[in-house]
Amino acid sequence: MPGETVLVADRNRRFLEKTEEILSKAGYRPVLVRNGDEAAELITEQSPGIVLARASLPDRDGYDLIRHAKRNDAAVSSVIIFGSGEKVREQKAADAGADNWLVRPLKRTELLACLRDMAAIRRLRLKISAARGAGGETTDELEPSRAGDGIFDKATGFYTFKFFKEVLFREVKRAKRHQFPISLALIAFDPGDTFAGSKAAGDVRRRLLGGLAVAVRQSVRDIDLLTEVADDRMLALLPYTDAAGALQVGRRIVEAVNGHEPIRSAGTSWRSTVVVGVASIKAGQPISFAKLMRDARIALERAESQGVD
């Protein structure tokens, strides 16, 4: 968003000078720095809304810098920058909390498009934070239709389906208007049938679902919207996320669930599995939730039939 403070940390002076020119003309307030320690100090002092950090920096690398920025301001949007010829460590960037990554050399249009996305992500984070901080009373834009409907499901920590739908349709409209990519992940939960005849079946299933919910929440960003749509189905709306990013989220969910501790009851262990189907619509393409849902269901059915996650 114009007027937003953008901290750019890169050891290349010429890149910083050119970036400052581009950002200033676009209405941003650039803060430029060439080493990690100084960047960390400026983040603490100025709390920039967007941080662009070179992966390799003197004193403190970009990954650690982004983790520091997230600790300082949970709503900050961040981007890792890789130099030309530098190995792109997409997973490491995601694990550090980066919302995106770029590879130099950068075109002016590419940089500004990324900043536009980061500003939109920050706005959404601030709105969600306001909703959470109000304990269920939200800003006008996010307010549920009927008071008392609630925002979060106590069992899973996900959004209630009613609230999810309201925000979803706003995000679809926003993606159409501003030509952002948007993705959807459909998550199928399989607790297995080994405990079907057990007296503890209901308790085990609830505990498995609770563990799955934790694993899924830890695998997505704070701007991604989660809801439960059936006993064995969950949805994740992924704003500002293209197909590659959605596949990465799907892989993280599967890995997190697979790595989760099994549930133990009456001397027996149970472990759930998940299958994830993802669908994406590119920026500028016609967008509808119905198409996203249909494509995600097809992808899920294909994965299930092939016996893959």
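1. A pocket here is an open set of points, on a 1 Å grid over the protein atoms alone, where a 1.4 Å probe fits, with protein on both sides within 12 Å along at least five of seven lines; its lining residues have an atom within 4 Å of a point. The model is predicted, so local features need pLDDT of at least 70 and side-chain atom pairs count only at pLDDT 80 or more, while totals for chains, interfaces and linings use all residues. Residues are numbered from 1 along each chain as its sequence is written, and side-chain values use heavy atoms, with hydrogens and water left out.

2. Overall make-up. The protein chain has nine helices and 11 strands. Both are DSSP runs numbered from the N terminus: helices are H or I with at least four residues, strands are E with at least two. Of the 309 residues, 48% count as buried. Buried means under 20% relative accessible area, exposed over 50%, and partly exposed in between, with a 1.4 Å probe and protein chains only.

3. Contacts along the chain. A contact means heavy atoms within 4.5 Å. Among contacts between residues at least 6 apart in sequence, 63% join residues at least 24 apart.

4. The largest pocket. It holds about 910 Å³ of space. A volume is the space filled by probe spheres set on the points, and grid points are joined across faces, edges and corners. The lining has 35 residues, and D99, N100, R221, Y240 and G245 lie nearest the centre. Elements that give two or more residues to this lining are α4 (90-96), β5 (100-103), α5 (108-133), α7 (201-219) and α8 (243-258). The largest share, eight residues, comes from α5.

5. The largest pocket is lined by 15 nonpolar, eight polar and 12 charged residues. Ala, Val, Leu, Ile, Met, Phe, Trp, Tyr, Cys and Pro count as nonpolar; Asp, Glu, Lys and Arg count as charged; the others, Gly among them, count as polar.

6. The second largest pocket. Its volume is about 190 Å³. R14, F15, K18, T19, I22, R104, P105, L106, R108 and L111 line it. Helix α1 (13-25) and helix α5 each give two or more residues. The most, five residues, come from α1. By class, this lining has five nonpolar, one polar and four charged residues.

7. Backbone points to check. Most residues other than glycine have a negative phi, and most peptide bonds are trans. The bond from R104 to P105 is cis, with omega near 5°. P105 sits in the loop between β5 and α5, and both R104 and P105 line the second largest pocket. S47 is not a glycine, yet has a positive phi of about 45°. S47 lies in the loop between α2 (36-46) and β3 (50-54), and is partly exposed at 34% relative accessibility.

8. Y240. Phi of Y240 is also positive, near 55°. This residue is in the loop between β8 (233-239) and α8. Y240 counts as buried because its relative accessibility is 9%.

9. D224. This residue is in the loop between α7 and β7 (225-230). D224 counts as buried, at 4% relative accessibility. Its side chain makes a polar contact with the side chain of R221 (2.8 Å). A polar contact is a pair of N or O atoms within 3.5 Å; within protein, one must be able to donate a hydrogen and the other to accept it, and residues adjacent in sequence count only if both atoms are side-chain atoms. Leaving out residues up to four places away in sequence, D224 touches L237, L238 and P239.
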